[in-house]
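User: I am new to this structure and would like to learn how to read its features one at a time. Could you guide me, giving the general idea before each case?

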Amino acid sequence: MTGRDAEQDVFRRPAASVNVPSQLSSLGRMNTLASWGEQLARGLLQAPLPRRWAHVQGVAARARGLAPVLGADADLLEAAAWLHDIGYAPALVVTGLHQLDGARYLRDVQHANTMLCRLVAHHSWAIIEAGERGLADVLSSEFDPAPDVLASVLTCCDMTTNPDGQPVPVERRLAEIQDRYGSGHLVSRSIRRATPMILRAVEQVHQRAAQTA
């Protein structure tokens, strides 16, 4: 299964729920940015794109697990993990570049934190796919990239979580994307070009985690 059929498969196929480990009580999380992001993403993705929602839950779990590494940025990064793929929601698709569509919604409709918008806009080396779609100048003009120390964490969480929300080695995740879309698809081309940067981001985060442990 390749190309558009693969996209529909990963967006709409039901998946087992992912249990995101809780570190705070429900009351304690009510006013966090991450809790707000979770509820917003749930409303946009859970019903129309259940498998995408499963992936997002897994990415958020990965981000929460890195809280000791992130310190004061933990809440922001978990929120970005919850929201990174909202641009796939049918109601938000405008350009087809999900990073840009999601970030625009956060900025223009939700008036969200600027750094949160930047993380969503540029996650997992979105600028490369933007170039494939003729949108690199648009993305760059509307959203500055997030600092690498933050962006690398979101990339790591995204690129070590499979479509069903399960943790996987980055190499397996990259291969799965290629297989799902097919070698000629612009997403596959983008991933091939981004692979060195993605691998570097994952390695950096793993090193930081090892130093913190």
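User: What percentage of the residues in the chain is buried?

Analyst: A residue counts as buried when its relative accessible area is under 20%. In this predicted model, buried residues make up 53% of the chain, which has 213 residues. The chain exposes about 9600 Å², and carbon and sulfur atoms supply 53% of that area.

User: How many helices and strands does the chain have?

Analyst: There are 13 helices and zero strands. Read along the sequence, the pattern is α-α-α-α-α-α-α-α-α-α-α-α-α. As for contacts between residues with a separation of 6 or more, 71% of them join residues 24 or more positions apart.

User: Why is helix H6 described as largely enclosed by the rest of the structure?

Analyst: An α-helix has 3.6 residues a turn, so residues three or four places apart point the same way. In H6, which spans residues 74-83, nine of the ten residues are buried, so the helix is largely enclosed by the rest of the structure. The buried residues are Ala74, Leu76, Leu77, Glu78, Ala79, Ala80, Ala81, Trp82 and Leu83.

User: Which residues of the largest nonpolar core have the most contacts inside it?

Analyst: The general idea is that, in soluble globular proteins, nonpolar side chains tend to be buried together. Here the largest nonpolar core has 63 residues, and Leu83 and Ile86 have the most contacts inside it. Leaving aside neighbours within four places in sequence, Leu83 is in contact with Trp36, Gly37, Leu40, Ala41, Leu106, Leu116 and Val120.

User: Leu116 and Val120 are among those partners of Leu83. Which residues of helix H8 are buried?

Analyst: They are Leu116, Cys117, Arg118, Leu119, Val120, Ala121 and His122. Helix H8, residues 114-122, is thus mostly covered, with seven of its nine residues buried. Those buried residues pack against helix H3 (33-45), H6, H7, H9, helix H10 (136-142) and H11.

User: How many cavities of 30 Å³ or more does the structure hold?

Analyst: The structure holds one such cavity. About 300 Å³ of space lies in the largest cavity. It is lined by 25 residues, of which Tyr88, His98, Met159, Ile177 and Val187 are the closest to its centre. The elements giving two or more residues to this lining are helix H4 (50-65), helix H7 (98-108), helix H9 (126-132), helix H12 (170-181) and helix H13 (186-212). By type, the lining residues are twelve nonpolar, six polar and seven charged.

User: What is the volume of the second largest pocket, and what lines it?

Analyst: Of its 13 lining residues, His122, Trp125, Pro145, Ala146 and Ala151 are the closest to its centre. H9 and helix H11 (148-158) each give two or more residues to the lining, and H11 supplies the largest share, four residues. The lining divides into seven nonpolar, five polar and one charged residue.

User: Let us turn to helix H13. Is Ala201 buried or exposed?

Analyst: Ala201 lies in helix H13 and is buried, with a relative accessible area of 6%. Not counting residues up to four places away in sequence, Ala201 touches Ser152 and Thr155. Ala201 and Ala151 are 50 residues apart in sequence, and their C-alpha atoms are 8.3 Å apart in space.

User: Is Ala210 buried or exposed?

Analyst: Ala210 also lies in helix H13, but at 55% relative accessibility this residue counts as exposed. The C-alpha atoms of Ala210 and Val69 are separated by 9.1 Å, although the two residues are 141 residues apart along the chain.

User: My last topic is backbone angles. What is the phi of His111, and what is that of Ser124?

Analyst: Most residues other than glycine have a negative phi. Phi of His111 is near 50°, a positive value in a residue other than glycine. Ser124, also not a glycine, has a positive phi of about 55°.

Technical notes: Residues numbered from 1 in each chain as written. Predicted model: local features only at pLDDT ≥ 70, side-chain atom pairs only at ≥ 80, totals over all residues. Heavy atoms only, no water. Buried < 20%, exposed > 50% of the residue type's maximum accessible area, 1.4 Å probe, protein only. 1 Å grid on protein atoms, 1.4 Å probe; cavity = no way out; pocket = protein on both sides within 12 Å on 5 of 7 lines; lining within 4 Å. Points joined across faces, edges and corners; volume = space filled by probe spheres on them. Nonpolar A, V, L, I, M, F, W, Y, C, P; charged D, E, K, R; others polar. Core = buried A, V, L, I, M, F, W, Y, C linked by side-chain atoms within 4.5 Å. Contact = heavy atoms within 4.5 Å. Areas by Shrake-Rupley, 256 points an atom, 1.4 Å probe, with all protein chains shown as cover.
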